[in-house]
Amino acid sequence: MLRRGFILFLPRLVGLLVVACCSMSIVYMLACTPKGDNQQLALPRVHSLTAKEGYESILQEREEQHRNYIISLKKQIAQLKAELQGRTEQLKNMQNQYPDSSDIRLDHSKPEKAQVNLLAFLRSQVDKAEVHSGVKLSTEYAAVPFESFTLQKVYQLETGLTRHPEEKPVRKDKRDELIEVIELAVGSLNKPDGVSKAKPHVYTASDFVEGIYRTEKNKGTLYELTFKGDAKHQFKKIVLFRPFGPVMKVKNENVNMADTLINVIVPLAKRASKFRQFMQNFREMGIQQDGRIHLTVVYFGKEQMNEVKSILENTSRSANFKNFTFIQLNEEFSRGKGLDVGARFWKGNNVVLFFCDVDIYFTAEFLNSCRLNTQPGKKVFYPVLFSQYNPSIIYGHHDSIPSLEQQLIIKKETGFWRDFGFGMTCQYRSDFINIGGFDLDIKGWGGEDVHLYRKYLHSNLMVIRTPVRGLFHLWHEKQCLDELTPEQYKMCMQSKAMNEASHGQLGMLIFKQEIETHLQRQKLSSKNT
């Protein structure tokens, strides 16, 4: 039965194989037919006399094209391999010569290797900095300016707290730095060169004419110093570079501030409307968002006292807030006395004290900065707050003055960093008590904050001084009372002048009449034309 079925199936199988072979032959011929550059070549007719020669010619042509293409690819591959090998060798040489900062390890078990790696890195800083040649910069703001100096003065663009465009280097680190650089340059100039037999000129600091220097934050400081030469119109120039070392990890720790309470101490006399505004900020940022906060109000006198107490009690009821203390003093207002009394009144565990004024606006982020930058026995925090200009001047050309929250933008048109003010500060109560607190002989406005600041500077505590984005001084008209001492009155008037507006905005007010006259002339001329 199986044999009979196989015999019947065999012719069909043979037929299928024949059809398959024919189909494959046709596909093969179509696939292998050569094509010209732009169109398919026609198959030679089977009975043509030139069929064989045509196929041979086409095959030879295609073979030549493939051969040339393969040769071209081999050349390109060889060139790419050579270039890649060269770049690899170059990269290896650079890595060996200038190890990366992340590879620098000061292994004390192998001090010689660590020293070699460190020296190699420091040398690489010179090549990376703009010392031997310039670098392309995108805009004028990308240029790092030089500052110049002589033996007596520094001429500076970054004027710092003194605001002096030129001054004696009052900061000890700057003074020591420039003295060291001049001494090193003098020593280098007096070093024998071993070539000249003539008696060498002995240079001293008095031969120094001028110098310039600038610092690239991630590379180092470049110094170019000019000295008098051996003859008139001749000079000696020496270039020095202080390379910055690699970034090194100093500490890695977890900081838990969940239970760190801040006691905000506010001295106050009258100013009930300002206190109402302050409590709105305190409720939103301190109570609702932060929640780890205590408020101590030290009130002087009795005028408007009931209104202030009512504001405080209403906030307590509506926000279910019980962490506040109200202290009343029947004496003349003294900011230092109020803060000192409020700090000493606290009877609980060691707490962070935030000395604050009623015209201050703070955010919840600032309160965390206050915690993170204080440490008992080690650190106190002196934030530089952003002081708001007079909104009536800033927004005088607008239809209306924006809301307070919309005004609190850190821009040069809206305010300035109050780097001359030291009144807002965070410290642990233990550090404040140990340092001796405020000078209670200072009365009225000003002076007490600088006195406390200097106490901390003279101690072994680290003073953290930095601009913060979440602390604002709200503009208010400043009154400088006749009872102030001459020095206090001068400080008050300087503060008042700086609070109003920027130089450009004040200039527009001074030249307002000229501007209006110009605009009127423009209108008349346009009408005449």
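A residue is called buried when its relative accessible area is under 20%, exposed when it is over 50%, and partly exposed in between. Keep that scale in mind as we visit two spots in this predicted model.

Let's start with Gln277, which sits in helix α5, a stretch covering residues 272-290. Is Gln277 buried, exposed or partly exposed? Its relative accessibility is 30%, so Gln277 counts as partly exposed. Leaving aside residues up to four places away in sequence, Gln277 touches Leu404 and Leu474.

**The cavity**

Now for the second stop. How many cavities of 30 Å³ or more does a search of the whole structure find? The search turns up 1, and the volume of the largest cavity is about 40 Å³. To find the place in the structure, look for its lining residues: Ala129, Glu130, Val131, Arg214, Thr215, Glu216, Gly220, Leu222 and Phe241.

| Class | Lining residues of the largest cavity |
|---|---|
| Nonpolar | 4 residues |
| Polar | 2 residues |

Which element gives the largest share of the lining? That is β4, with 3 residues.

Conventions: Residues numbered from 1 in each chain as written. Predicted model: local features only at pLDDT ≥ 70, side-chain atom pairs only at ≥ 80, totals over all residues. Heavy atoms only, no water. 1 Å grid on protein atoms, 1.4 Å probe; cavity = no way out; pocket = protein on both sides within 12 Å on 5 of 7 lines; lining within 4 Å. Points joined across faces, edges and corners; volume = space filled by probe spheres on them. Helix = DSSP H or I, 4+ residues; strand = E, 2+ residues; numbered from the N terminus. Nonpolar A, V, L, I, M, F, W, Y, C, P; charged D, E, K, R; others polar. Buried < 20%, exposed > 50% of the residue type's maximum accessible area, 1.4 Å probe, protein only. Contact = heavy atoms within 4.5 Å.
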